[in-house]
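Please consider the following briefing alongside the sequence and the coordinates. It is grouped by topic.

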Amino acid sequence: MTEQKPNSFRNQPDERGHFGQFGGRYVAETLMPLILDLEKHYTAAKADPSFKEEFEDLLEHYVGRPSPLYFAPRLTEELGGAQVWFKRDELNHTGAHKINNCIGQILLAIRMGKKKIIAETGAGQHGVATATVCARFGLPCTIFMGATDVKRQQPNVFRMKLLGAEVVPVTSGAATLKDAMNEALRHWVAHVHDTFYIIGTAAGPHPYPELVRDFQSVIGREAREQMLQRTGRLPDLLVAAIGGGSNAIGLFHPFLDDPAVKMLGVEAAGHGLDKQHAASLAGGFPGILHGNKTYLLQDEDGQIAEAHSISAGLDYPGIGPEHAWLKESGRVDYTAVTDTEALEGFKLLCRTEGIIPALEPSHAIAAVAKVAPTMPKDAIICANLCGRGDKDIFTVAEALGAEI
Amino acid sequence: MTRFQSAFSPDRAALVCFITAGDGDTAANLDALVAGGADVIELGMPFTDPMADGPAIQEANLRSLAKGTRTADVLAIATAFRARHPEVPLVLMGYANPMIRRGPEWFAAEAAKAGVDGVICVDIPPEEDPEIGPALRAAGLDLIRLATPTTDAARLPAVLDGSSGFLYYVSVAGITGKQQAAIDSIEGNVTRIKQHTDLPVAVGFGVRTPEQAEEIARVADGVVVGSALIDIVGEHGENAPEHLRELTASLAKAVHNARKA
């Protein structure tokens, strides 16, 4: 590998879909022509002003963007250090950032003349967002969801069904997000001619990591503009939770070439990094799974390990390839917080700001709670509040030993 | 002459048999396939996430891994097979991650040392060849690529460039062990592919019975059977060899005699 210091951190991937040594198109031959076709259509869509116009119109009038940038006064006071601001993507239609990407991908699917939509889901947020856009555009929708996740995310399963989606419980493996993705890929390979796969995170074969990032970058573009408008300067630190990493890359990407802005991605340390967890960067090694090369939790034979996180949305043994590259290039720092710490973050935000966060951004809040007190009071942290917590109240109640 | 060249003779089609390493008594099962008349053996390397496989091979992967099968065990099975069957071509088939975990050079060297002739890696398309292709070629191993119904004329040369040993034509757009393609479609595609290459073309996915195998053997150089054999291993466990031998013998007879009928 001839690795040069990049002039920009924002011009990845290369024409073969590689972010440094990561990314790529590691798919079965059956899917390869479709992946190439998708790339061609995405390139054309990017250059088409009407595509951008329709995307932005839907984000404004259907999703409710721009989402607010909110200064959290009581949390800031309690932590006693840097000012804490939140990008409120939990206020989007469907309650999470996932919808941004789904709007973009369904417009692509329609451009490509595809008649059916499939998706995988972990927590169910991406499944709900996909079912939502399918209902909006009148396309049949099949969602693959691990049977374990079906059990722990019943409210979202019901939402998907209300929206007209068929939810297929996947029982192979640990029956979580990884297995749902395997099954979605199996279905796709048998229905390539008429089916579009809306991947929910910035991972999978090229061009998915790039296009998901582009659709989610609305988060960072808005945050950058709003922060400049409100404070006259850029934040000192961005913080976001990472499963596959789509909300984090969406927030980070527009700031990557602002050298003064530091960034912190927060993986799920589950029961602890020495036990079962979902922190691929902290505890994994580069490998190939689900169409891309990236950091994976795996054993010395390359068998993929089962991840664990209290948050179904972070419960995945891999990570988007751009994060793998940003870690190796040193541009972004990555840390991990445990289930217990995330629960504390969850309670902290409920108590101080009257916002019930999802368990995914609760990981980011836990990291903020650690780092804010170490920073001066004039420093600014902007964290991504990427989902609301209504879906998680049963999980949280169980973890706290409460009966609902 | 390589083992592949001997196995794919011009006057009759070859029977290619797939089973998963570490699922059941693999050595005895492999011997049964050879005794039944298999011309080429594909030995599946178990993987936790066999994304291109249907339920039969998924379960075989999980059974094998649940028994604790390691990469070293797969290589040991190959080495012992080579010692018992010096003439039968042996292919390792699997997914990229276990093949590159210790570096592709390590894997290629170990596979070559074990007497393996070629490798099929499901999730390395020609676009990602640098990941494993150069290492395999340097070790003298054939890289057997897959062509599918979605591999159009524009793409076929890229698939063939760097392929050796034989070409595996996946007859259906789908996963292993499911439906079989219509013979017209198979014949048309095999004819199309053979206009672009001198490599033997073996056809697989969904082939379960001697009747299906015979039909394909009339138009292709080889017929691949996997899930039907795996089902026997799953059903009969330690008693699988006699059943495997029986099915393989009927498949081999159908395949070998297809062009005489």
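**Briefing on the predicted model**

Helix 12 of chain B (residues 240-257) has 18 residues and, at 1.5 Å a residue, should span 26 Å; its end C-alpha atoms lie 26 Å apart, in agreement with that expectation. The model is a predicted one. The points below treat this helix, then a sheet in chain A and a residue of one of its strands.

**Helix 12 of chain B**

- Buried residues of helix 12 of chain B include Ala240(B), Pro241(B), Leu244(B), Arg245(B), Leu247(B) and Thr248(B).
- Further along helix 12 of chain B, Leu251(B), Ala252(B), Ala254(B), Val255(B) and His256(B) are buried as well.
- The packing partners of the buried residues of this helix, within chain B, are strand 1 (14-20), helix 2 (26-36), helix 10 (210-217), strand 9 (222-225) and helix 11 (227-236).

**The sheet of chain A**

- Four strands of chain A form an open sheet in the order 1-2-12-11, with antiparallel pairing.
- Strand 1 (18-19) and strand 11 of chain A are the edge strands; each has a single partner strand, so one side of each lacks a neighbour in the sheet.
- Two bridges join strand 1 of chain A to strand 2 (residues 22-26) of chain A in the antiparallel sense.
- His18(A) has Gly23(A), in strand 2 of chain A, as its bridge partner.
- Helix 13 (residues 321-329) of chain A packs on the sheet and touches strand 1, strand 2 and strand 12 (291-296) of chain A. The direction of helix 13 makes about 45 degrees with that of strand 12 of chain A.

**Phe285(A) in strand 11**

- Phe285(A) belongs to strand 11 (residues 285-289) of chain A.
- Phe285(A) is partly exposed, because 13 other C-beta atoms lie within 10 Å.
- Leaving aside residues up to four places away in sequence, Phe285(A) touches Tyr295(A), Leu296(A) and Gln298(A).
- Val261(A) is 24 residues from Phe285(A) along the chain, and their C-alpha atoms are separated by 27 Å.

Definitions and conventions
Residues numbered from 1 in each chain as written. Chains lettered and ligands numbered in written order. Predicted model: local features only at pLDDT ≥ 70, side-chain atom pairs only at ≥ 80, totals over all residues. Buried ≥ 20, exposed ≤ 12 C-beta atoms within 10 Å, placed from the backbone. Contact = placed C-beta atoms within 7 Å. Expected span 1.5 Å × (residues − 1). Pairing = 2+ DSSP bridges. Axes fitted to C-alpha atoms, helices over the stretch in contact; angles between N-to-C directions.
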